[in-house]
Amino acid sequence: MLDLLQTDRLFTILQGEGVSYGNDLAQDMLGQPADASWGAIVRAIHDPAKLLPEYRERFAASLDPAQSEAIETWLSSDLGRRSVDLELTAREAMLAPEVEDKAIEAAARASDAHDPALAAVRRVIAAGDTIDTGVASAMNANLAFYRAMSEAGAFPQKLSDEVMIADVAAEEEAFRQDITSWTEGWLLFAYRPLSARDMKDLAVFAASPAGRALSRAQTVAFDAIYAETSAELGQALARRVRASDL
């Protein structure tokens, strides 16, 4: 099943996204562009060879076996294969900042124009509960990041869990806006070649027991991975912060 989802390819993309995010963190929190050694640290944190075994294990443990056959039937279908490939191809392209910006801008224009294509994308997103799960995952990962930063001495004094949880909670709406605009931009870009019937079938699968079982297994597995990489990133950045203060 994970082969049908092209999981190895996905994790290579995620490493690229992680490096981009790590570079932004270096600029924001250290006040200077990332150097080669920081880039190497971030790439190692997001190394697919390190992360994939845990992801595969957690995915398998979280997947409802009663839905496995239906999921594999969908992923083996023509539309299932095409949708996975289109999603990953678009995500690969969006590793380039200018492509990402254009995709997000295109979705914003489509929203203003009440584009039926975006409406179809939104139905797929809603059927899979994609935004809410994405926001929850991002908040959990951000909390893991700040906990690691605090534990590693990045701040003048150790922050309490209550303070960190409140800070992360205060960012929920910002997370929601960013995740919504990025997801709509990505999937509008990805699904342009699909027909209206294809989009309807995608939404039907996403809302089905099989679609929800697949989404849940992916979410549980990704949550663990994102929390792990975020904590490692927080620890690594804290070391840089402490060194810059010397």
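Asp178 is located in helix α10, which spans residues 172–191. The model described here is predicted. Asp178 is exposed, at 52% relative accessibility; the cut-off for that class is over 50%. Asp178 and Val220 are separated by 42 residues in sequence. Their C-alpha atoms lie 21 Å apart in space.

Helix α10 also takes part in a helix crossing. Two packed helices are described by the angle between their axes and the distance between the axes. The axes of α10 and helix α6 (residues 97–112) come within 8 Å. They cross at roughly 95°. Helix α6 is therefore roughly perpendicular to α10, since angles of 65 to 115 degrees fall in that class. On the α6 side, the contact is made by Val99, Glu100, Ala103, Ile104, Ala106, Ala107 and Ala110. On the α10 side, the contributors are Ser181, Trp182, Glu184, Gly185, Leu188 and Phe189.

Helix α8 covers residues 130–151 and contains Asn142. Asn142 is buried, with a relative accessible area of 9%. Residues up to four places away in sequence aside, Asn142 touches Val168, Glu171 and Phe175.

Charged pairs were examined next. Side chains of opposite charge can pair when their charged atoms come close. The whole structure holds 16 salt bridges. One of them joins Glu54 to Arg58, with the closest N and O atoms 2.9 Å apart. Both residues belong to helix α3 (residues 48–62). They are four residues apart, about one turn of the helix. Glu54 is partly exposed, with a relative accessible area of 23%. Arg58 is also partly exposed, at 38% relative accessibility.

Asp198 and Arg82 form another salt bridge, at 3.4 Å from N to O. Asp198 lies in helix α11 (residues 196–207) and Arg82 in helix α5 (residues 78–93), so this pair ties together parts that are 116 residues apart in sequence. Asp198 is buried, with a relative accessible area of 13%. Arg82 is partly exposed, at 32% relative accessibility.

A salt bridge also links the side chains of Arg197 and Asp201, with an N to O distance of 3.2 Å. Because Arg197 and Asp201 are four residues apart in helix α11, about one helical turn separates them. Arg197 is exposed, with a relative accessible area of 58%. Asp201 is partly exposed, at 25% relative accessibility.

The structure contains eight aromatic pairs. Among them is the pair of Phe145 and Tyr146, whose ring centres are 5.4 Å apart. The angle between the two planes is 70°. The pair is edge-to-face, because planes over 60 degrees apart count as such. Phe145 is buried, at 3% relative accessibility. Tyr146 is partly exposed, with a relative accessible area of 24%. One aromatic cluster is formed by Phe11, Tyr55, Phe59, Phe222 and Tyr226. A charge also meets a ring: the charged end of Arg91 sits over the ring of Trp186, 5.2 Å from the ring centre.

Backbone geometry was the last topic. Most residues other than glycine have a negative phi. Gln6 has a positive phi, near 55°, and is not a glycine. Gln6 sits in the segment before α1 (7–30). Gln6 is partly exposed, at 24% relative accessibility. His114, likewise not a glycine, has a positive phi of about 55°. His114 is placed in the loop between α6 and α7 (116–127). His114 is exposed, at 68% relative accessibility.

Notes:
Residues are numbered from 1 along each chain as its sequence is written. This is a predicted model: local features need pLDDT of at least 70, side-chain atom pairs count only at pLDDT 80 or more; totals for chains, interfaces and linings use all residues. Side-chain values use heavy atoms; hydrogens and water are left out. Rings of Phe, Tyr and Trp (its six-membered ring) pair if their centres lie within 6.5 Å; planes under 30 degrees apart count as stacked, over 60 as edge-to-face and the rest as tilted. Buried means under 20% relative accessible area, exposed over 50%, partly exposed in between (1.4 Å probe, protein chains only). A charge sits over a ring if NZ of Lys or CZ of Arg is within 6 Å of the ring centre and within 35 degrees of the ring normal. Helices (H or I, at least four residues) and strands (E, at least two) are DSSP runs, numbered from the N terminus. Contact means heavy atoms within 4.5 Å. A salt bridge is a side-chain nitrogen of Lys or Arg within 4 Å of a carboxyl oxygen of Asp or Glu. Axes are lines fitted to C-alpha atoms, for helices over the stretch in contact, and angles run from 0 to 180 degrees between N-to-C directions. Angles under 35 degrees count as roughly parallel, over 145 as roughly antiparallel, 65 to 115 as roughly perpendicular and the rest as oblique.
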